Amino acid sequence: MDSALARVPVPVADLVDRLASVPGREDRLTHLEVLPPRTARTADWPAWAAADVVAAFTARGVRQPWAHQVAAAEAAHAGEHVVLSTGTASGKSLAYQLPALSQVRTTRGPRGRRGATVLYLAPTKALAQDQLAGIRALGLDVRVTTHDGDSGRDQRDWARDHAEYVLTNPDMLHRSLLPGHQRWAQFLGSLAYVVVDECHHYRGVFGAHVSHVLRRLRRICASYGAYPTFVLASATVAEPEVAAHRLTGLDVRAVTDDASPRGQVALALWEPSFTTYGGENGAPVRRAASSETADLLADLVAENVRTLAFVRSRRGAEQVAMTAAALLAEVDPSLPGRVASYRGGYLPEERRAIEDALRSGELTGLAATNALELGIDISGLDAVLMAGFPGTRAALWQQLGRAGRGARDALGVLVARDDPLDTYLVTHPEALLGRPVEASVFDPANPYVLGPHLCAAAQEIPLTEADAAIFGPSTLEVLGHLTDGGLLRRRPRGWFWTDRRRACDLADIRSTGGSPVQLVEDSTGRVIGTVDAASSHGSAHAGAVYVHRGETWLVRSLDLDENVAVIERGDPGYSTSARELTDISILSERRGQDWGGCRLSFGDVDVSHQVVSFLRRRQPGGEVLGEELLDLPERSLRTCAVWWTVPADVLAEGGLAAADLPGAAHAAEHCSIGLLPLFATCDRWDIGGVSTALHPDTGTLTVFVYDGHPGGAGFAERGFHAAGEWLAATRETIRSCACDEGCPSCIQSPKCGNQNNPLDKDGAVALLDLLLAAGPARASAERSPR
Ligand SMILES: [Zn+2]
Ligand SMILES: [Zn+2]
């Protein structure tokens, strides 16, 4: 038994009381949710499961599977495509390994001849390695291997000719297995299962790419007579069956009823107070989430509570650990040594030393970047602090899942950053705890993504009109453009790739359009990473502070002709955020709904935008140190947007004065951009907005929110479908904010190219009231066609 079990010092809810009752911390705790312990519900092993596979799981301590594992395994065994969407540590692997390994074991021919095969896809190499270790630990006679960029030629040949269970990633499928499918014909022709693990990672433009890689896989398998069953595993998201259908193109059944056990979980929502200094235009500013987290970490360590604090950057993590240690030194000189910081990239022995120190109690508090997520085993903590919402509910529960594994109690504290999303979440706990509203979204119809994959598919096997059934309704149109552009040739038997190049090289599935900008270290010439062309102006301009895998860098120069940003390691003590000016024109409305006299639309737009300056903010703290102008060219972007209009007569009837309209629309736009990530799995930097009291294309007041990627990423479309809830949350955030005239928690935006001017807080609420009064009931907005 783990020694930590005896060490949980006090009930978690009491612990929160102590943290919140420290003098000066009145009103910081906005909500405490205590989730009761959940008892496990088990089911019998299915009768079809291979005896040695069941025996292997039993030997590893699984006496009886949980009900959701069996439900998903039964569906998969029956040939039904299934997505299992349950919490962290709910044993999703067993649900697909049971049918997959059983099939491999029961179909193997005489003298070890390969029978059924299984393909497992993970978003990262590290996860595939973890799976490999897990399957090997079962000790079964199954020929399993990974196939990734690190595999040598011998290993690849063995995988192709002998392996029954291959663990790989979408990148390898795209570049290696599918283009070389003739060599893989025997493996692909015997494919019984395709496992798509952690499928909520496939979102935005990356999600659209992977959806076509999977369609190409289905097409190739079918050509060899194989129709594999797809089993997807996902964190809890809204409508997992919808995302799984978009990803695979297949009808997928969802299993979502988590039957795994859990101890009591207390989630505290925490809002730092306003500071004494003012922000832009004199706005009140809240204390930095990292400073607040350092205080809480010190308190928990002093209480002997094993705590992990998640901070965005390595620099931030070091700062949190140092501040906490300094606070502890005032209490007891022996305590500071019990706090440390952790970052990704440690050597295995360094990682083990930290793991051991935590396990033995030598270390009680650890501040880490999110890079910790991979490759370190420190489950069994008592508490997790999060300095800011980690972006998605899935990520929040994953981080929280680090505490209280198994039946132990756990405490999580979400400390809000000073932005609309965090502020909304800590004041509206139902958004985190109720039915998920955040869906994994992407748009397989994006022609910038579909085109290159059609070329790749044509090189694999020439395309025919019948392939539109696999690649979607816009296939023939895009094929026409590709033929006109000389990439494909139309012949009587279909479309052919006749180029000498590898067609798969046209699609860089991890990039979101355009040639990526390389980040090159000044002193060594080493390439540290890449930034998408679309976001390079905003994040890699000269003077930008760039956080890459938790490390802080300073950009010296950005060369747009060479697509190179020269960077150096630096700790300037501030962060930067770029500001841009945007213009937009409507190309076509794809979908629209009349909301009384108002209208909500989704469609294609042309955006011209220009990064014009950047702000420097002191870290920690967040005070604005100054703004510097930039000289970057204007760029244009063809993408998708959601927009809404309120006509002049409705505005006049609602009592909104013409002079207030620009500020009201601008404030509503900013806050709605801040909140869209709650409904679509995006980052506020993935989307942009434009608002105007009179737009030439609509002839009236219009607010646009657009996808910042060529062809669209699905975020604006999700905004259209969730508009009732999204805009109601926007209104609520503005209305309930404690400031008087607007602040970063509601209507001020760090990327505004107009210095957050004009902004009208009351006007925005009045405007959204007019719009929402005419809007559909929430329920019908959700049911609208997708
Ligand atoms: Zn405010
Ligand atoms: Zn603005």
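**Entry 1: a helix pair**

I began with helix H17 (residues 447–460) and helix H19 (residues 475–484) of this predicted model, which pack with their axes 10 Å apart and at an angle of about 70 degrees. Angles of 65 to 115 degrees count as roughly perpendicular, and I therefore recorded H17 and H19 as roughly perpendicular to each other. I then listed the residues that meet. From H17 these are Pro447, Leu450, Gly451, Leu454 and Cys455; from H19 they are Thr475, Val478, Leu479 and Leu482. By class, the residues of this contact of H17 with H19 are seven nonpolar and two polar, with no charged residue.

**Entry 2: the zinc site**

Which residues coordinate the zinc ion (ligand 2)? I found His666 through NE2, His670 through NE2 and Cys752 through SG, at 2.0 to 2.4 Å. Along the chain, the donors of the zinc ion (ligand 2) follow the spacing H-x3-H-x81-C. I placed His666 in helix H22 (residues 661–675) and Cys752 in the loop between helix H24 (723–736) and helix H25 (761–774), so the pair ties together parts that are 86 residues apart in sequence.

Is His666 buried or exposed? Buried means under 20% relative accessible area. His666 has 6% relative accessibility and therefore counts as buried. Cys752 is buried as well, with a relative accessible area of 5%.

**Entry 3: a cis peptide bond**

I looked up the peptide bond between Asn757 and Pro758 and noted that it is cis, with omega about -10 degrees. Most peptide bonds are trans.

**Entry 4: a five-stranded sheet**

In what order do the five strands of the open sheet stand? I read S20-S19-S23-S22-S21, with mixed pairing. Strand S20 (527–531) and strand S21 (545–548) stand at the edges; each has a single partner strand, so one side of each is left without a neighbour in the sheet. Neighbouring strands of this sheet are turned by 40 degrees against each other on average, direction ignored.

Strand S22 (residues 551–559) and strand S23 (residues 564–569) run antiparallel and are joined by six bridges. I noted that Asp559 has Val564 in S23 as its bridge partner. Strands of a sheet pair through backbone hydrogen bonds, either parallel or antiparallel.

Most residues other than glycine have a negative phi. Asp27 is found in the loop between helix H1 (12–20) and strand S1 (29–35). With a relative accessible area of 70%, Asp27 is exposed.

I also recorded Asn281, where phi is positive and near 55 degrees. Asn281 sits in the loop between strand S10 (274–278) and strand S11 (284–286). The relative accessible area of Asn281 is 51%. Exposed means over 50%, so Asn281 counts as exposed.

Last, I looked up Thr427, which belongs to helix H15 (residues 420–427). How far apart are the C-alpha atoms of Thr427 and His31? The separation is 7.4 Å, although Thr427 and His31 are 396 residues apart along the chain. Thr427 counts as partly exposed, at 36% relative accessibility.

Technical notes: Residues are numbered from 1 along each chain as its sequence is written. Chains are lettered from A and ligands numbered from 1 in the order in which they are written. This is a predicted model: local features need pLDDT of at least 70, side-chain atom pairs count only at pLDDT 80 or more; totals for chains, interfaces and linings use all residues. Side-chain values use heavy atoms; hydrogens and water are left out. Axes are lines fitted to C-alpha atoms, for helices over the stretch in contact, and angles run from 0 to 180 degrees between N-to-C directions. Helices (H or I, at least four residues) and strands (E, at least two) are DSSP runs, numbered from the N terminus. Angles under 35 degrees count as roughly parallel, over 145 as roughly antiparallel, 65 to 115 as roughly perpendicular and the rest as oblique. Contact means heavy atoms within 4.5 Å. Ala, Val, Leu, Ile, Met, Phe, Trp, Tyr, Cys and Pro count as nonpolar, Asp, Glu, Lys and Arg as charged, and the others, Gly among them, as polar. Donors are N, O and S atoms within 2.8 Å of the metal (3.2 Å for Na, K and Ca); water is not among the atoms, so sites may look incomplete. Buried means under 20% relative accessible area, exposed over 50%, partly exposed in between (1.4 Å probe, protein chains only). Two strands pair if DSSP finds at least two bridges between them.
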